Amino acid sequence: MTAVLEAHGYGKRYRGRPWALRGLDLAVPEGSITALVGPNGSGKSTLIRGWIGFEPPTEGRLSIAGIDPQRHRKTAVTRSGYVPQQPALYRELTVAEHIELATTFRAGFDADLARQYVERLGIPLRAQANQLSGGEQAQVGLALALGTRARILLLDEPLASLDPLARREFLHVLVTAVRGEGHTALLSSHVITDIEQACDRLVVLGRGRTLLDLSVADALAHHRVVEAASWEPGRPGTVGTFPTTTDERLTLVRVGASPEGPGALGTGPAAAPIGRPATLEEVVIGHLAAGRRRGQLEADEPVPGVAS
Amino acid sequence: MIRRIVRLTFRMHRFEVGAIVILAALLILGSIIVSWALANVGLSPECQRLAETGELPDSCVVAFETFNKIVSLASPISLLTTLFPIIAGLLIGGPIVAREIERGTTSLAWSLSPSRLRWFLHRVVPMALLLVAVSFTVGAAADHLTHALSPRADLSASFIGFRFRGVLLATQAFLLASTAVGVGALFGRAVPTFLLSLILGMLTIVSVGLLHRQILLDEAVVQRQDENTVFSSDDLYLDNRLELPDGRLVTYEELIRIDPRAFESEFGPQYPNVSLLIPGDRYRIVETREAAVELVLGLVFLVGGAFVVTRRRPT
C-alpha cells in the first residue's frame, strides 16, 4: 500500500489557543476514498489545509505525494484538487467564467471535463454564482477540483450545506470520478450515512488526535454494540458508551482481532456473538465518546508538582 | 489569454471599474464643457492681463464677470478632481486582495493556482493599468481646465494647480491603490483596509510632499522683496527668509537666536525679506521627480502585498 497523504507527528496550534492537532500520525492509501470524521474543532479542516500548504505545521510534518507541502507548495497545489468548506465562488462571475478563470490559473486545467460535470449536474453554465444554491455552489467547486485532473482530491466538508439529494449527486460524481480515474480522495464530513456509501476508509479525529483509522469494512466487521447496562465497563474490547435518542445507553465493543488491536471475545465460531453489529454511525460515535472520556481523564489527572 | 484575464478581472470588479469610469467620464466631460465655455466668453488677452493688475477697464467688465461666473462652476469639478486619486485609488486597490480574503475566494483561487504570485499579478496588473490610464486622463482634463482658468499660463512651465493636475493625479491614485493592496493583503478585511489605507496613503503622499519641499528649498531661487516686487503665479513659492548682512538666509526663529534685539524695533527686524521660489520653468522636472517617487513607493507597497500574499493563509 502506497500512502499519498501522510502525517508524521503533526501538530498545529493557533496563537493563543489550545492545540488543534497534536502528535498525529496518519497515512491515506493511494486509490482510496477516505472519510475524515470528527466533531467541530477536531482539526479536520486544519489537516486538509495543511496538506494543500495553507497551514504551516507547529510541529511534525505532512507530506502529499511524497513532498512537503510547505516547502514545495506549488507542487502540492499542482498535485491536488481542493474543495473548501464554504463555497468560495466569485459571486460576480458565472459558472462558465469560473471554469475560464481556472484555465488562467492552471496550465492543463481540463475545462471540457469541468463543463461536463457541471452540465451533468444540471447546473446552467451561464448562471451567476450568487444565484446558485449552496449545493450547486459545492457541485461547481467539485467540478473545478475534478477539472484540475489532480490525482489527489481534498474535500473539506463539502456536504455540510447540501440537501440529501444534492449530497447523493455530489457523492455519485465524486465516486465515479475517483474510481474511474484511480484517484485518491480525502473527504471530511459529519454525515456518516453518506460516507458509508462513498468511502472505503474511515479516520476519526477527536481531541486533536486519531481515534480510529481503518477500512470501512473492518470498522463494520469488528465493532458491535451492546446495552451499556449489561456490559461491565473496562471489559476487554470496550470502546465507549453513548446515549441513543430513546434514552438508552449503548456501549461500542471491539471484537475479534481487528487491525486496531485485540478486542473482546464473542465473535469466533465457538463463541456466542455479543450484542448486534454496529452501524458505521455507532462506530464513529462510540470512538468519539471514548475520545472525549480519555480527554476528560487526562484533564483530571494531577500534573506532577502542581498543587490542586 | 491576456484578454481573458483582463475581462474576468474587470468582471469581478465591475462595480469598482464602473464607478471610477463613470466618475472620470463626468469629470472629463465637465472639464471640457467648462473649458469650452470659458474660451467662448471672449475675454481678450489684454483684459486678462489688466485683470491681474487690478486695473480693469469698463470694456472688459462684462466679459470678466461672465468669466468669473463660469469659473465658480468649475469649483466642484476642481474639488472632485482633487479627490479623484483618493476615491479611485481606494476603490480599486481596496477590494483586490482584502475582499477576496474576506469572502474566502482566495481558498478557491490559491488551490487552483500553483503560483500565488501569478494570481496576484492577474488581479493587480489589469486594475492598476486601468486606474493609471483613467486617472491620467482625468489629470489631462484637469490640465485642460487649468489652462482655461489661467489662459495666459504655459502649463508646462507653471506651478499653477501643482499636484492637482497632470501626471501627479495618476501617480497619487496608483500610490493609494498600492497602499490598499498591501494593507488588504495584511489584514484581509475590506473596511479596515479602506480606513487604514486612506490614513497610510495620505500620510505617504503628504510625507513625499514635505520631503520634496526640503529638497526644493536647497534648489530654490532667492527673490528679494520690495514694494515693487510682483510674484509670478507660475513660480512655486516655498518660504520666506531674512537676509543677514553677510548674505546668510535665516528663518525668523534662527534670527531670534542670532540677534534677539532685531525684534525690538516696532517695524520688525531690519533685515531684507527674501522669498524662496522654484521658477515655473522647472515645473516638468519637479513634477517628474515627485511622480517617480510616488510610483516607486507604490511599487514598494505592491511588492510588499505580493510578499504577504505568498505567505499568508487564504482566509
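In this predicted model, 24 residues of chain A are in contact with 21 residues of chain B. Three helices of chain A, α2 (73–78), α3 (95–105) and α5 (134–147), each supply at least two residues of the side that touches chain B. The top contributor is α3(A), with six residues. Sorted by class, this side of chain A has 13 nonpolar, five polar and six charged residues.

Chain B is divided into two domains, domain 1 (2–204 + 284–311) and domain 2 (236–278). Taken over C-alpha atoms, the centres of domain 1 and domain 2 of chain B are separated by 39 Å.

Within chain B, helix α4 (residues 58–103) packs with helix α6 (residues 116–149). Their axes are 11 Å apart, at an angle of about 170°. Angles over 145 degrees count as roughly antiparallel, so α4(B) is roughly antiparallel to α6(B). On α4(B), the contact residues include B:Val71, B:Ile77, B:Phe84, B:Pro85 and B:Ile96. On α6(B), B:Arg123, B:Met127, B:Leu131, B:Val138 and B:Leu149 are among them. Which classes of residue make up this contact? The contact of α4(B) with α6(B) has 16 nonpolar, three polar and one charged residues.

The table sets out the class counts for the two contacts.

| Side of chain A that touches chain B | 13 nonpolar residues | five polar residues | six charged residues |

Definitions and conventions: Residues numbered from 1 in each chain as written. Chains lettered and ligands numbered in written order. Predicted model: local features only at pLDDT ≥ 70, side-chain atom pairs only at ≥ 80, totals over all residues. Axes fitted to C-alpha atoms, helices over the stretch in contact; angles between N-to-C directions. Helix = DSSP H or I, 4+ residues; strand = E, 2+ residues; numbered from the N terminus. Parallel < 35°, antiparallel > 145°, perpendicular 65-115°, else oblique. Contact = placed C-beta atoms within 7 Å. Nonpolar A, V, L, I, M, F, W, Y, C, P; charged D, E, K, R; others polar. Domains from an automatic or database assignment.
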